[in-house]
Amino acid sequence: MNFAHVHLLLNHVPTTLFAAGLVLFLVALATRNDTLTKTSLTTFFIVAAVTIATYTSGSAAEAMLRGTGVTSELPPDVVSNAILEHADAALWASVLMGLTGFFAWLALWQGKAVRRRPSWSLPLVLVLAVTSFLAMARTAVLGGRISHVEVRDDVVARHQACLALVDEEVKRP
C-alpha cells in the first residue's frame with residue numbers, strides 16, 4: 001500500500017460519511033432531536049478532521065503518479081490539468097469542511113458549557129454543511145476525471161462520436 005492508495009481510500013469519507021451526517025442533521029433539525037443533533041455535529045467534526053488527511057495525501061498520490069524519474073511524466077491516461085483542477089477544488093472544499101467542523105465543534109461545546117446554543121449556531125452549521133457538501137461533491141467528480149477516463153468530457157465526446165459513426169454504418173445497407 002502506498003500514499004496513492006491512502007488517498008483513494010480516504011477520499012470517499014468527505015462525501016459519503018458527510019452526506020450521511022447531513023441527512024442526519026436535517027432529520028435532527030426537523031424533529032428537534034438533541035441526540036441526533038449532537039451525533040450529526042460530531043460526524044461533521046470527525047469528517048473535517050479526516051478531510052485534512054485526505055487533502056494532504058493528495059499531494060503524495062500525485063507524486064506516486066508522476067514517479068521519481070527525471071522527467072516526472074504522468075501515465076498516458078492521466079491529464080495534468082485534471083489534477084490541478086481537482087487540487088484547487090479540494091483546497092476550497094477542505095477549507096469549507098474545516099469551517100463546518102469548527103462551527104459544529106463550537107455548537108457542541110456551547111450545548112455543553114453554556115447549556116444553550118445561540119440561535120445562529122445551528123443555521124450557520126446547516127449553511128456551511130450544505131455548501132461544504134456541494135464543494136466536496138464537485139471535488140469528487142473532478143478527482144474521478146483524473147484517471148477514470150470514462151467520466152472525462154473529452155473521452156465521452158469521442159465515444160459518442162464513435163457511436164454515431166457506428167450508427168451511420170449500421171443504417172446503410
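A quick caveat. This is a predicted model, where local features need pLDDT of at least 70, side-chain atom pairs count only at pLDDT 80 or more, and totals for chains, interfaces and linings use all residues. Numbering runs from 1 along each chain as its sequence is written, and side-chain values use heavy atoms, with hydrogens and water left out.

Now the aromatics. The whole structure has four aromatic pairs, that is, Phe, Tyr or Trp rings (six-membered ring for Trp) with centres within 6.5 Å; planes under 30 degrees apart are stacked, over 60 edge-to-face, the rest tilted. Phe18 and Phe44 make a tilted one, at 4.8 Å centre to centre and 35° between the planes. Phe18 sits in helix 2 and Phe44 in helix 3, 26 residues apart. Helices here are DSSP runs of H or I, at least four residues, numbered from the N terminus. Phe25 and Phe44 pair edge-to-face, at 5.5 Å and 70°. Ring pairs link Phe18, Phe25 and Phe44 into a cluster.

Next, the core. The largest nonpolar core has 16 residues, and Phe18, Phe25, Leu41, Phe44 and Met97 have the most contacts inside it. Such a core joins buried Ala, Val, Leu, Ile, Met, Phe, Trp, Tyr and Cys through side-chain atoms within 4.5 Å. Helices 2 (13–31), 3 (34–66), 4 (80–114) and 5 (121–147) each supply at least two of its residues. Helix 5 gives the most, with five. A second, separate core of five residues includes Leu74, Val78, Ala82 and Ile146.

Definitions and conventions
Buried means under 20% relative accessible area, exposed over 50%, partly exposed in between (1.4 Å probe, protein chains only).
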